[in-house]
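Take a look at the chain below. The paragraphs after it go from one residue out to the whole fold, then back to a single side chain.

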Amino acid sequence: MKRPYRHCVLYVFRVAVACLVMAAPGLTHATERPTATLDYVRQGRTASECPDEATFRALVGAKLGYDPFAAAAASSLRVVLRRFGSDLSGTLTLSSGGAARGERTLHASGDGCDELAASLALAAAVAIDPDAAARGPAPAPAPVVSEPPAATPPPPPPPPPPAPREPTASTTPAPENARSALGPRFVGGVFIPWGLTPGVAPGARIGGGIDADSWLVMVEASSTLESSKSAPLGTVSAQLFDAALVPCFRPTLSAGVALALCAAGRIGMLRSNAEQVERAAPQTDLVGSLGPRAGLELLVSPSVGFGVEAEIPIAFSRVHLVIDDHGQQREVWASSRVGMVAAATVIFRPR
């Protein structure tokens, strides 16, 4: 009768051990908290405008109730802060095993980098440990109420205060002003004019000025190649040299993309000559114009960009090129009252 009882005891013992072995991995996993390595990057002006890495770690830890960042974690979190003009953006990328698991970009305008960092910290907490982020940090322990101390005799009266000193000037330095967006701007490019020279000939342009992100003022110098036009009486050729003052309003469309709405005032000279005629007398005519310009700019970094633009110069006066035909002046070409200029430029903004 004892043998069946012994078999039952062994069977119950084996079942209990199997249940403990199966439950042990789940218990160990439940105590583990998700962690990640942190790569926190502040590009350009954000290095002085945005919170540092220690502050960002504290913001994420406050959302989860623990510090989720460890050097040997299997997952990695990369946070990159950038500024293009007045647009401030932050990109958060979570990777595991070398493969990206998710990416999110948030934007802010003006000087709202603290708010952007707080939003990125919340997004990072949800990406690393969504359960802990939903629960929030553990509540602080209730204060311990202690018994009031026994009454003690009152202290002796304090000695009389010393005579007041004369106030001295404070030596605390004044806080530094916020970094200004004002800075230099340089451009260079090529353009093609219509109606300003006898033929269509490309030209080159360089310029420099002051750039304040939302507005700018430029001074430019440009020159075309020599162009010509033939007629039965001969051929006339001309080359245009001019300088321009260009104030612009520059609204931002999105990160790194902006419009340039400008007015261009130009003054210069048109040097002309004639060929295949009996007598050639080179001449120089003074030219001037004023007109609108519109462009689109794409900044590939805070300092370098590219642009395309179109300008409509309205001439103050027209230039007429004539050939002397046996004492009679024969017009071969006359400049247009309203011209057209298309250009492509490279932009450099040292910051």
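Which residues does V60 touch, not counting residues up to four places away in sequence? V60 touches P68, F69, A121, A124 and A125. Contact here means heavy atoms within 4.5 Å.

This is a predicted model: local features need pLDDT of at least 70, side-chain atom pairs count only at pLDDT 80 or more, and totals for chains, interfaces and linings use all residues. Residues are numbered from 1 along each chain as its sequence is written, and side-chain values use heavy atoms, leaving out hydrogens and water.

The chain has 5 helices and 17 strands. These are DSSP runs numbered from the N terminus: helices are H or I, at least four residues, and strands are E, at least two. Of the 351 residues, 33% are buried, meaning under 20% relative accessible area with a 1.4 Å probe, protein chains only.

V60 belongs to the largest nonpolar core, among the residues with the most contacts inside it. Such a core is a set of buried Ala, Val, Leu, Ile, Met, Phe, Trp, Tyr and Cys residues joined through side-chain atoms within 4.5 Å. Elements giving two or more residues include α3 (53-64) and β2 (75-84). The most come from α4, with 8 residues. A second, separate core has 11 residues, including L240 and L270.

Now turn to T93, in strand β3. T93 counts as buried because its relative accessibility is 16%. Its side chain makes a polar contact of 3.3 Å with that of E103. A polar contact pairs N or O atoms within 3.5 Å; within protein, one must be able to donate a hydrogen and the other to accept it, and residues adjacent in sequence count only if both atoms are side-chain atoms.

Note on methods: Buried means under 20% relative accessible area, exposed over 50%, partly exposed in between (1.4 Å probe, protein chains only).
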